[in-house]
Amino acid sequence: MAELNLIGAVNLALRRAMSEDERVIVFGEDVGTSGGVFRATEGLLEAFGPDRVLDTPLAETLIGGLAVGVAAQGFRPVAEIQFMGFVYPALDQMVNHASRLRNRTRGRLSCPMVLRAPFGGGVHAPEHHSESTEAIFAHLPGLRVVIPSTPADAYGLLLSAIRDPDPVVFLEPKRLYRMSTEQVEDDGAGVPLDRCTIRRAGGDLTLVSWGASMVEALAAAEMLAEEGATVEVIDVCTLKPLDRATILESVSRTGRLVIVHEAALTAGFGSEIAASVAEAGLFDLRAPVRRVTGWDTVVPLPRLESHYLPDLTRVLTACREVLTYD
Amino acid sequence: MTDGAGDATFCLPDLGEGLSEAEIVQWHVAPGDRVVADQPLVTVETDKAVVDIPSPRSGVVDACLGEPGDVIEVGQPLLQFAVEAKRPDAGAVVGALPSAASATPSRVAVPAAVSAAESGVRASPRARQRARELSVSLEAVAGTGPEGVIQVSDVESAAAGAGGGERLGGVRRAMARRMTDAHARVVRATVTGEADVSRWSGTGSPMPRLLRALGAAVAAVPRLNAWFDDRAEMLALQSRVNVGIAMETADGLFVPVLEDVAGRTLESLTSELTHLQDAVARRSIRPDQLKGQTISLSNFGAVAGLHAEMVVVPPQVAIVGSGRVFERVVLADGKPTAAQILPLSISFDHRVVTGVEASTFLMALTTDLENDQ
Amino acid sequence: MSAAAGFDISHTAYLGPDGKLLRPLPDALAASETLEAFYRRMVLTRTFDAKAIALQRTGRLGTYASSLGQEAVSVGIAHAMTPDDVLLPSFREHGLQIQRGVKPEEILLFWGGDERGSAFSDQPDDFPVCVTVGGHAPQAAGVALAFKLRSEPRAAVCVFGDGASSKGDVYEAMNVAGVWQLPVLFIVTNNQWAISTPRNKQTAAETLAQKAVGAGIRGEQVDGNDVVAVAEVVGAALARARAGEPSLVECLTYRLGDHTTVDDASRYRDDAEVSGWWQKDPIARLRLYLAENSGWDKVKQEALLGQCASQIEAAAESYLATPPAPPEAIFDHLYAELPEPIAAQRAALLEGNSDG
């Protein structure tokens, strides 16, 4: 058992997966010799050798295509895209190939790959390094989108993602990479995919989030508890396929739903959750569903970034409005 | 070996070596295909060999003149080219795009049906569910939520039946709403007067004469027979005078419309009025008979009362009221005499009708009534 | 000033358009049985192609991309590949796919709009056609990487067209192949046209083969209408690839048909140009040679035409007799196991359909 932060947990999971299954290989830019720009793959080259950990040329389309090809041949590639802002050249390989290889060959070929990337803002990064466009991937049939918010979940969800026979986009909230630590047992246990996790139980309001925004969500719940309202905080974990049942069950008890995400409002993944609840949980609602999100703007550069990200104040305001609605 | 370029009919060319005929083995093109010069059209078999016959020119194949197995002689027609037909541009490289012969214009807006009296009830989904569970009619619930939205607590109070009393329904409810709306929008002013109707023969309701006089008054001041769209700030004078006539029943106030009073005889007006009163009494009045009023008339004097300020219901801009006829001593040529006085009131929407217009209308009305026999 | 680097692009041809040899045939390919086999397969390919077009024109096949004129490329590559190699084709190598064990009726199913056309009952590892032009090049590198990591004597063969050669994906794939020494062979079928873009508007490079030079791998050119040249050059390149030396082979040929059955090439190309290439037909030249040198006569020709016709007819009938899959097949093979929310959608589809 070790006290690990999120990036350490990712590293541990990779190490675990690679020692258990020789089909697991890791590649991307600067992942080998350098151990990854965030050190996610630190020590792996030394431990497993250049046949398992490969430094690719600077070519994201290639990284996506390599993963598809090598996965079709039976390997389990874990391909790293250095930042989500650079994933788009690989999007063609994900949407046109990875997500549909099994379908278009009627199961003859499949694509058990993981594409991992750091995502999200709040780290004073230059342009293009604070993307949060998980909704694009969540929209694609045939993919899974998984986002951990704790070190233990990063370990367990990544193991499950690697073991899954279908392609997984694994997005790591970089703001949380080193924010906090917790005990992570290297027991090889995967955290099940396709399931939301209730991080905090409550009865007055359901607060749904994922990734780095879980910090604000949990902080808001803590403050509202002092004001007499118990907030149930749900960590979505797997955006796609979405575990609507857990969210709906919670709303049936609380009657109030607030969704928090960093990504821009329009067509952000919060829309899917809100629509799902409107469809199947309308009569449980005592108040409109509220989304607290980034604005429909380009993510600002560091000087103004704090005005973009949904902060604790905005989350609290939305929660209080919803709590006093009826 | 090629045939004359440009000819529509391509005949089997001389195959050389003294050969005079060939058997068709296999066509490589079909009618409709576009071909270019030298493209193999057909494989034929001679005594010596199996050869491909190339196309002499570019063009579109119209017909292949023979089946596999047929023997064609040199010089006989083998293939027909179409006389200049260009393949229509499909305008695509994949798929088949549907095209419609004509399309319904997409920008035609279907006008919304004008709903009768009731506006939508705003209630939260949970409140609606609760209302269903408790068999509470949402129309009867006052909403205390934001912007008057009905909430669960409101439904539950209503179900507990605070204070009891009559729950408004149907016609009375419609009236409550209509009057509330009118009050909110109309700036009402009222001018009153009297008509000396001593010369009227017969007894009976003044209604037919009032209706006819209304027609005359509108002719004098058409502006009081108009519809005002206060949102668009548009005043539309109405060409016909369709009078809404207030009629009271046990179930509440009805205002059926007597259409096009201008120029109608008293008999015709009387007869129509009777029909409407019967229909209202028997509740067989149709919804379309309750719509389209351009000006209204209330003969509250049939019961009691002289003058009144009445409710002008948008989009109308005026309502005429007649009070109870009474007897009074008046001076005629300086000498006291008895006269029958019919009190008149005109309430109007002062946003679009002036006092002078209303008074002029009153004068025309009064004159018509006083001149009648 | 001295030259920092230079390059040569070789061009190989054996059989000229008139059916006469330009140089002696390579020993391995000189036997008449071998050449007749090439000829049969090219005729079969063209027969299939004509049938597919006929089916499309009669409304029984969807949009189809003809391979007319490119038969020698397909047959030559097929000869050079082994069953253990893996093919990643573009959408115009029907003859090559058929030689690799894909059933003609499966190819018809694909163009007829049925996913089962890519299920390849007799060909486990080959990729389905790549519609996102050039997108399969990085995938070929990935397949080759698998072979290298497993130390298997196999090669990935990625076939694409002149249009694809402008794509970044292709360069990225060649580049990594060179630096990682991957067992992959890239073949560009230069049929001179990418829909309506002629070859000289596609790139300023004098040959497409030299695009390999920028990636650090060998590039060479071959007469793509000379099946012997294709078989020989591709065979040698494959042998090198399996040993970890990737390269690019450019096959010069011509797209005698339209881009697809919905396209009309006469809108943008000169008839005279097309006529000129009919005179370089790969099938005609080999028949001339066989007639002259190995006694190919009308008996054999008729027999061959008959065999091809009945084989392709049977495939067409099999395709036409295949009913569409049931509607719920939309949900099959989406994931290894259909997740519950999507299973609910499947149920909704079934319910909607059962209402009639």
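Which residues does Val184(C) touch, not counting residues up to four places away in sequence? In this predicted model, local features need pLDDT of at least 70, side-chain atom pairs count only at pLDDT 80 or more, and totals for chains, interfaces and linings use all residues. Residues are numbered from 1 along each chain as its sequence is written, and chains are lettered from A and ligands numbered from 1 in the order in which they are written.

Val184(C) touches Ala140(C), Ala141(C), Ala144(C), Ala155(C), Ala156(C), Cys158(C), Ala177(C), Ala241(C) and Pro246(C); contact requires C-beta atoms, placed from the backbone, within 7 Å. Val184(C) and Ala141(C) have the most contacts inside the largest nonpolar core, which has 202 residues. Such a core is a set of buried Ala, Val, Leu, Ile, Met, Phe, Trp, Tyr and Cys residues joined through C-beta atoms within 7 Å, where buried denotes 20 or more other C-beta atoms within 10 Å of the residue's own. Helix H9 (residues 227-242) of chain C gives the most to this core, with ten residues. Helices (H or I, at least four residues) and strands (E, at least two) are DSSP runs, numbered from the N terminus.

Chain C contains an open sheet of six strands in the order E1-E7-E8-E4-E3-E2, with parallel pairing; strands pair if DSSP finds at least two bridges between them. Strands E1 (11-12) and E2 (86-88) of chain C stand at the edges, each with a single partner strand, so one side of each is left without a neighbour in the sheet. E2(C) pairs with strand E3 (residues 156-161) of chain C over three bridges, and Leu88(C) has Cys158(C) as its bridge partner in E3(C).

How values were computed:
Buried ≥ 20, exposed ≤ 12 C-beta atoms within 10 Å, placed from the backbone. Contact = placed C-beta atoms within 7 Å.
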